[in-house]
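Please look at the sequence and the model below, and then read the briefing that follows, which goes through some of the features topic by topic.

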Amino acid sequence: MLAAVVARHHADRYLPDPPVRQIETGPRIWYPAGQYPVLALPDGEHRTVKSVLNVRETMHFGDYVWNDQHVPQGDTWVRVDLARQLLSVFRDGHEIGSAVILYGTDGKPTPTGVFPIMEKQVEHRSSLYDAEMPFMLRLTGDGVAIHASNVRRGSATHGCIGVPPSFAALLFAAVKRGDTVAIMPPAGIRG
Amino acid sequence: MLPKLSRLKIAGRGRRLVLLGLLAASGVGTGYVAIDRSEGGIGGAKAAMMAALADPLSLFTDRSPGGREPGALTQTKGPRERTLTQTRERPHTTPKAAAPVEHVLASVRERPPFVDEGAIPYGQPEGPITPDILPPESPGPFSPVTPPGGGGVPEPATWAMLMIGFFSIGTALRRRQRLAAVANR
């Protein structure tokens, strides 16, 4: 609870940098019971999807969607789709958030696979690049993380996953340490 | 078993939605996904439903800004001109193509000023030609100035200094040996 309050406080602080365009999410696509589709994870595991946010339009760099109304508490996991440059947050099988992401260049590629969140830091300063990385969710021991970033077309990261700052605050409050983050490989690389 | 739709006091659009939901829930209308509220009409929703049931990833594809081609971005920032740290400002002059490259020895940092000998016509020297090479007017008969471009044989004074140095080194070594022998005794 205290963590959520702290996160909200910092979210307010970081809100002066709003997303380019916050897409209004109205309807949610519910799958009928018994016909739940599954999403494959890189390690072979399959996760059931009960509902998906109904985004009718193409999202641009800096856009995000967040709607966790009427979604029960449950197991939270994050699916990072490098091929589609999208990140989706699932709670109890329901998608509650999605954003356009930045990922690593070919010189410093983002690793693919299934990672637990190792560390959460509201305010983090990268020791490698001497840069502010608010709402950092560390995934690997060598510094790959999900953090707030200026998501613009043509930008990339040094291997991290960059999300818009306000979305990063929401994501930070939604996940806890140990939650699964599945990074799907980018286009052109299969398997 | 099913309630009569006419009894439900709902609008026509909502009635069709309820019908779809009931069909999906009862298993009769397999292949439909219920949408709780649609703003774009039934047609668009139907296409989205079909796509969603066929492949949930198709929804992600629809909302995706597109993939990044392999090799599209090799660095995080745009290209930037790099200069050496010592030379922050680039010289904008380009050297002449025909300019000769001058190599100056490291021991001679400064060159004598260049004298354009082509301006002096041959056979008509103006005044004394080489006054600097000759030693200045010395007060005595003995000139201390060594003539330039000395030969390979050292002067006797140089020999003497060399010999004195060797003798002093030898003396010091012998003296040290003798002192060490006295100390060890």
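Two strands are said to pair if DSSP finds at least two bridges between them, and helices (H or I, at least four residues) and strands (E, at least two) are DSSP runs, numbered from the N terminus. This is a predicted model, in which local features need pLDDT of at least 70 and side-chain atom pairs count only at pLDDT 80 or more, while totals for chains, interfaces and linings use all residues. Residues are numbered from 1 along each chain as its sequence is written, and chains are lettered from A and ligands numbered from 1 in the order in which they are written.

**Strands of chain A**

- Strand S8 (residues 94-100) of chain A is joined by 3 bridges to strand S5 (residues 64-66), and these two strands run antiparallel; in this pairing, Trp66(A) lies opposite Gly97(A).
- S8(A) is also joined to strand S7 (residues 86-91) of chain A, antiparallel again and through 6 bridges, with Leu86(A) having Val100(A) as its bridge partner.
- The hairpin of S7(A) and S8(A) has 2 residues between the strands, and Asp92(A) in this hairpin takes a positive phi near 55°.
- S8(A) is mostly covered, since 7 of its 7 residues are buried, where buried means that 20 or more other C-beta atoms, placed from the backbone, lie within 10 Å of the residue's own.

**Core and helix H2 of chain A**

- A nonpolar core is a set of buried Ala, Val, Leu, Ile, Met, Phe, Trp, Tyr and Cys residues joined through C-beta atoms within 7 Å, and in the largest one, with 54 residues, Val80(A), Ile101(A) and Val163(A) touch the most other members.
- Helix H2(A) gives the most to this core, with 6 residues.
- Leaving aside neighbours within four places in sequence, Val80(A) is in contact with residues including Leu87(A), Ile101(A) and Ile161(A), contact meaning that the C-beta atoms, placed from the backbone, lie within 7 Å.

**Chain B**

- Chain B has 4 helices and 0 strands, and 7% of its 185 residues count as buried.
- Of the contacts in chain B between residues at least 6 apart in sequence, 3% join residues at least 24 apart.
- In helix H3 (residues 56-63) of chain B, the buried residues are Leu57(B), Leu59(B), Phe60(B) and Arg63(B).
- Seen down the axis of H3(B), these buried residues fall within an arc of 150°, so they line one face of the helix, the arc being that of the directions from the helix axis to the C-beta atoms.

Note on methods: Buried ≥ 20, exposed ≤ 12 C-beta atoms within 10 Å, placed from the backbone. Contact = placed C-beta atoms within 7 Å.
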